[in-house]
Amino acid sequence: MPYFRPTRRTALHLLAAGVASAALPAFAQWPDKAIKIIVTFPPGGSSDVLARVMAEQLSKKLGQPVVVDNKPGAGGTIGGAQVASAPPDGYTLMLSNTTPIALGPFTLDKQPYDPVAGFSHIAHLGAAPLAIMASKPSGIRSYAEFEATARKDGRMDFGSGGPGSIGHIHGELLKKVTGLNMVHVPYRGGAPMTTDLIANTIPLGIDVITSYVPFFKSGQLVPLAVTGPQRSPLMPEVPTIVELQQPRLVLENFFGLSGPAKLPADVVTRLNTACNEVLAMPEIQKKLTELGIVAKPETAATFSAFVKEQVNVLGPMVQGAGIRL
């Protein structure tokens with residue numbers, strides 16, 4: 001066989017081809033290790049529950065473990081900043097929702113990340129309203145009674161899942177719209193707030209409806225209103241804030257899957273497809289209904305446009321209300 005001596009040009013072509021082929025497996029083989037979903041709130045809340053439901057099914061579809069890591073604090077921006085600064089390799093994701101994306105960053109003097117350009121918004125998982133709820137021993141049985149009691153007493157304490165949480169933001173908006181003297185009592189998640197509500201340590205709570213339905217059904221807590229434009233299928237007897245003549249207080253919590261900016265398009269597509277397949281599963285639809293979440297399967301582009309709209313609407317609302325952490 002004759003000896004082959006490559007020319008300099010041929011050698012450069014071969015070297016370039018080798019580099020290209022070596023680079024291809026990085027994402028062609030994705031995922032080849034565990035994927036982490038950061039939840040920006042403590043365990044037990046609606047985002048945490050949904051993240052664990054999705055993680056279990058995504059593990060099966062992607063062939064690698066998908067684990068949940070809770071990083072609460074600062075209106076969801078601690079976990080959000082960790083994801084925004086992570087390598088865009090598809091192994092660090094976030095269970096995004098209204099708080100760390102459209103609310104929390106606007107409560108800080110300096111935004112830790114751009115909630116639109118700082119992320120790849122991958123999949124829209126669903127949306128759920130908040131519940132305005134009262135302690136049973138408080139004697140408050142309706143939204144009208146809540147307002148009347150607050151005006152009579154001159155003050156109404158309300159709890160939320162934490163500073164800068166969607167419940168906190170909604171309470172501040174409620175205070176601004178109604179002129180009531182409402183004092184925020186922050187908790188580290190919905191579970192300790194529930195304990196204090198049941199004990200009547202605080203008379204009022206505001207949070208995503210998801211975790212509270214069992215307490216409503218048992219009579220331990222009293223739902224006064226839901227903040228969505230339509231009644232919740234979980235509690236169809238509870239009026240909406242629109243029916244109660246407060247349309248400016250409509251606010252729903254969206255849930256999605258997001259990652260760092262500049263995620264490879266094929267990774268985004270694969271994750272979006274996997275999420276939409278999970279959302280189409282009857283057992284998952286049943287679980288979401290039980291959580292008060294309406295599934296929202298759609299393309300990554302549609303979800304990204306939705307996120308931008310939410311940020312453009314809610315961000316100025318938070319700033320206008322003067323809410324600061």
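## Largest pocket

The lining of the largest pocket comprises nine nonpolar residues, 13 polar and two charged, where Ala, Val, Leu, Ile, Met, Phe, Trp, Tyr, Cys and Pro count as nonpolar, Asp, Glu, Lys and Arg as charged, and the others, Gly among them, as polar. The model is predicted, with local features needing pLDDT of at least 70 and side-chain atom pairs pLDDT 80 or more, whereas totals for chains, interfaces and linings use all residues. Residues are numbered from 1 along each chain as its sequence is written, and side-chain values use heavy atoms, without hydrogens and water.

Of the 24 lining residues, Gly-45, Ser-46, Gly-189, Gly-190 and Asp-207 lie nearest the pocket centre. Helix H3 (46-62), helix H8 (190-198) and strand S7 (204-208) each give two or more residues to this lining, and H8 gives the most, with four residues.

## Aromatic pairs

There are six aromatic pairs, counted when ring centres of Phe, Tyr and Trp (its six-membered ring) lie within 6.5 Å, with planes under 30 degrees apart taken as stacked, over 60 as edge-to-face and the rest as tilted. The rings of Trp-30 and Tyr-91 have centres 6.3 Å apart and planes at 55°, so this pair is tilted; its two residues are 61 residues apart in the chain. Trp-30 is buried at 3% relative accessibility, and Tyr-91 is buried at 10%, buried meaning under 20% relative accessible area with a 1.4 Å probe and protein chains only.

Tyr-113 and Phe-119 form an edge-to-face pair, 5.2 Å centre to centre with 85° between the planes. Ring pairs also link Phe-254, Phe-303 and Phe-306 into a cluster.

Note on methods: 1 Å grid on protein atoms, 1.4 Å probe; cavity = no way out; pocket = protein on both sides within 12 Å on 5 of 7 lines; lining within 4 Å. Buried < 20%, exposed > 50% of the residue type's maximum accessible area, 1.4 Å probe, protein only.
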